[in-house]
Amino acid sequence: MALEVDSWAVDGGTSSARLARLQLEMATSSGNGVGAVGALEVLPLEVPGGGVRVAPGPFVARGAEAMFQGSYYGHNVGTATVPITPTDSSGPRSDLVVVRVEDPTVDGTPWTHDPSVDPIYYFRVIEDVSAAATVLPPSTTGVALARIDLPASTGTVTAEMITDLRAMIQPRSGRVLRVQRGGSQTGGEWDKAGDFTSDFERWPQHDWTVTIPPWATQVQVLANWDNVFYDPNGGSSGTYDARGLLRIGLLGSQFITTTESAYNFNPTSGTNGYRCSTANRDQIPIPAAMRGETVQVRMYAKGTAGQQGLLVADNYANFSVDLEFLEVPAPEAQL
C-alpha cells in the first residue's frame, strides 16, 4: 500500500480534502456521532404536528461508502424542521431521522450535488424501517438521530413516539470508587438492617462525598454489601428471615436514588448465623442542577415489617459503591 501522496502543512506541497478527512477520522478515533449532549436532539414541533425539530449542534460522520474516505464534520447552526409523512389506516410505521452526508466526489455514490454551490449535509427521513432499528443502513455516511414510531392513521408526532438514538463522538467518563468496613455505632451497638421498617435508613451509617463532573448526564451504580452477618435472632421459622430493600442515594440540591433491590436470607437454626452478601445495580439520569455539585453518597436499607431476622454490619463486613459517570445524549435510555 502506497503512502498518501498529498502533504499536510508542507511548504510547496498540495493537500486534498480527503487528507483533511482522514486526519479528522484519526483525531476522532474513527468515531461517529454528535459532538455535545444536546446536539441534534430530535424533538416534537413546539405545537406538535406533522414533523419534528432538530436542535443545533455539531456532528462527525465517518465515511461508509469507500475505503480511506475519512470523516466529515458538520454543524447545524439553527433549529431545523423535518417533515414526517403521516401513516394511513394500513398500520403503524417506523422512520429513522438522520443527518446524511451526500458527497458526490466519492466514487460509486449516487449523489449529484455540486459541492461548489450545494450543501452535502442533509436531514433525511428513512421511512418504513424495523421498529427495533437503531443504526443507519449499510454504506450510509451519516449519524442516526432518532426513530419515530408512528401508530396507524397518525399525522402528529408527539414526544412518546420519538426514540433518541444519538451517540457521542468522544464521550467522557469518570469512575469514583468508595469502600468501607463495618464497625460499631455509638454505645457499642452493631449497625443492623431489618429493625427499621417504616422508611429507608442509612446502612451502614456512613456517608461519602463525591463531586459529580459538570459534563456527566448519567451515573451507573454498582453497590455491594459484602460478608455481612445474618442473625436469625433466635428463631428458625420464616418469620425470622432477614428481608428488605436496598438502594443508593445521591444527595445534593436534589435527591436521586437507584431502583430498589430486595434481599432475603433464611435461618438454618435459631442460633446459627452466617455470612452473606447482597447488591444493588442501576443507572440514573443526573438532573442538570446537580451536575458539578459535591454530593453525599449513601447506602440505604429498609426492613420488611413483621420479619425478625437481621443483617449486621459488624467489623468483618465490607461495603462499596462504584460510580461510573457518563456523558451520554440520552441519559434516560435503559440498557
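The model is predicted, so local features need pLDDT of at least 70 and side-chain atom pairs count only at pLDDT 80 or more, while totals for chains, interfaces and linings use all residues. Residues are numbered from 1 along each chain as its sequence is written, and side-chain values use heavy atoms, with hydrogens and water left out.

**Whole chain.** The C-alpha trace spans about 85 × 60 × 40 Å along its principal axes. Of the 335 residues, 45% count as buried, that is, under 20% relative accessible area with a 1.4 Å probe, protein chains only.

**Domains.** Next, colour residues 17-164 as domain 1 and residues 173-326 as domain 2; these bounds come from an automatic or database domain assignment. The C-alpha centres of domain 1 and domain 2 lie 43 Å apart.

**Val157.** Now select Val157, in the loop between strand S9 (142-150) and strand S10 (162-164). Is Val157 buried or exposed? Val157 counts as buried because its relative accessibility is 1%. Show its neighbours: leaving aside residues up to four places away in sequence, Val157 touches Pro44, Pro48, Gly49, Gly51, Val52, Ile84, Ile148, Leu150 and Ile162, where contact means heavy atoms within 4.5 Å.

Definitions and conventions
Buried means under 20% relative accessible area, exposed over 50%, partly exposed in between (1.4 Å probe, protein chains only). Helices (H or I, at least four residues) and strands (E, at least two) are DSSP runs, numbered from the N terminus.
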